Amino acid sequence: MAHAIVYSEFGGPEVLTLTEIPDPVPGSGEVAVRVEAAGVNPIEWKVRSGLRPSGPLTAPRRVGADLGGVVTAVGPDVDGFRVGDRVVALGVHGAYATDVVVPVDKAHVLPAGVSAAEAAALGIPIGTAYQALRSLDVGAGDTLLVHGGSGAVGQALIQFAVLWGATVVATSSERRAGRVRALGAIPVAYGDGLTDRVREAAPQGVTAIIDAAGTDEALQASLELLVDKRRIATLVRGRDAAGLGIRAFSGGSPEPLTAQQLAWRAEAVPVALALLAAQAFSVELGPSFPLAEAGRAQDAVFQGADGKVVLVP
Ligand SMILES: NC(=O)c1ccc[n+]([C@@H]2O[C@H](COP(=O)([O-])OP(=O)(O)OC[C@H]3O[C@@H](n4cnc5c(N)ncnc54)[C@H](OP(=O)(O)O)[C@@H]3O)[C@@H](O)[C@H]2O)c1
């Protein structure tokens, strides 16, 4: 019997419960996947807690979007997937589960050497980072400031931007500066004096800023460091972006992503897979939890765990 995590009321981690679900049967254009690892993203605790408004809970709601696993059944009209294929899937409805059905346009066969946990770490963080960089047209000649460079999104932002020729300055706690430096960015500690430290790290000035931290300090420093507000984007404070005159890509923004932005988010995963296979990209894995402990896993993300938290059904 298959199982999934659901919740029926907004609240703390305890509202997440493990429930039996019917064995998923793939329809046309779909595959069934046995989940080996599901990525835990901040948006999932934000929606569960009610911090991020979402529709009313009229029925038990499934959780999770990103996973790595193995194809167990192939629906009609499917090419390119076979039972036993190891896959990554993104934008899944309810990835916190033992088994799911995935439309094949949201799945990719994993190259050798990429683990299920690494696959589960890709979808939302990688897609968001890649799209934000594309939207700001970051590349050679740019000096990019990343707020939250030690997080899952921040690490992807650093790596893509460095690969595309930008100089990157990235904020983190002092404890996490080594990771930021190892990815090719100049680490800068967040906290009092941030603006001065960024100016010292990048005397040439920053030409683009992406906020994956969402603090008042990050937004304030961004406005002080860069006059061109069209090249400042927040991924967290979407509701405040218009008032500040900066850009937002989701993160609570009332403006939906454009078709182009959604296409970039989807394109990111195969790009990252190729880079991972070539050992030119790195995913930092954090603690893993059994599926039944999804609440603890989300709490670990809330508390700021180092590396990507995954559920292992
Ligand atoms: N707009 C979108 O579509 C979208 C998509 C994905 C994520 N997000 C949002 O982006 C944010 C980052 O996501 P993530 O998955 O990368 O989370 P994460 O892995 O938990 O990373 C959180 C980051 O925030 C940093 N941070 C913590 N406290 C801070 C402070 N006081 N000042 C500055 N930075 C601080 C952390 O640095 P240390 O660990 O070094 O303290 C870390 O770099 C979340 O708010 C998430 O909801 C938005």
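**Group meeting: the ligand and its surroundings**

Okay, let's start at one oxygen atom of the ligand, which sits 2.9 Å from a polar backbone atom of Val153; by polar contact I mean a pair of N or O atoms within 3.5 Å. The protein covers 79% of the 930 Å² of accessible area that the ligand has on its own, with areas from the Shrake-Rupley method and a 1.4 Å probe.

Before I go on, this is a predicted model, where local features need pLDDT of at least 70 and side-chain atom pairs count only at pLDDT 80 or more, while totals for chains, interfaces and linings use all residues. Residues are numbered from 1 along each chain as its sequence is written, and side-chain values use heavy atoms, with hydrogens and water left out.

Back to the ligand. One of its nitrogen atoms is 2.8 Å from a polar backbone atom of Leu235, and there's a nitrogen at 2.7 Å from a polar backbone atom of Phe249.

So who else is around? There are 23 residues around the ligand, and Lys46, Ser150, Ser173, Tyr190 and Phe249 come nearest; being near takes a heavy atom within 4 Å. Helices α1 (42-49), α3 (123-135) and α4 (152-163) each give at least two residues to that shell, helices being DSSP runs of H or I, at least four residues.

Zooming out, the domain assignment, automatic or from a database, gives domain 1 (2-122 + 283-312) and domain 2 (125-248). Their C-alpha centres lie 28 Å apart. Across the boundary, 13 residues of domain 1 are in contact with 11 of domain 2, contact being heavy atoms within 4.5 Å.

Definitions and conventions: Polar contact = N/O pair within 3.5 Å; in protein donor to acceptor, adjacent residues only side chain to side chain.
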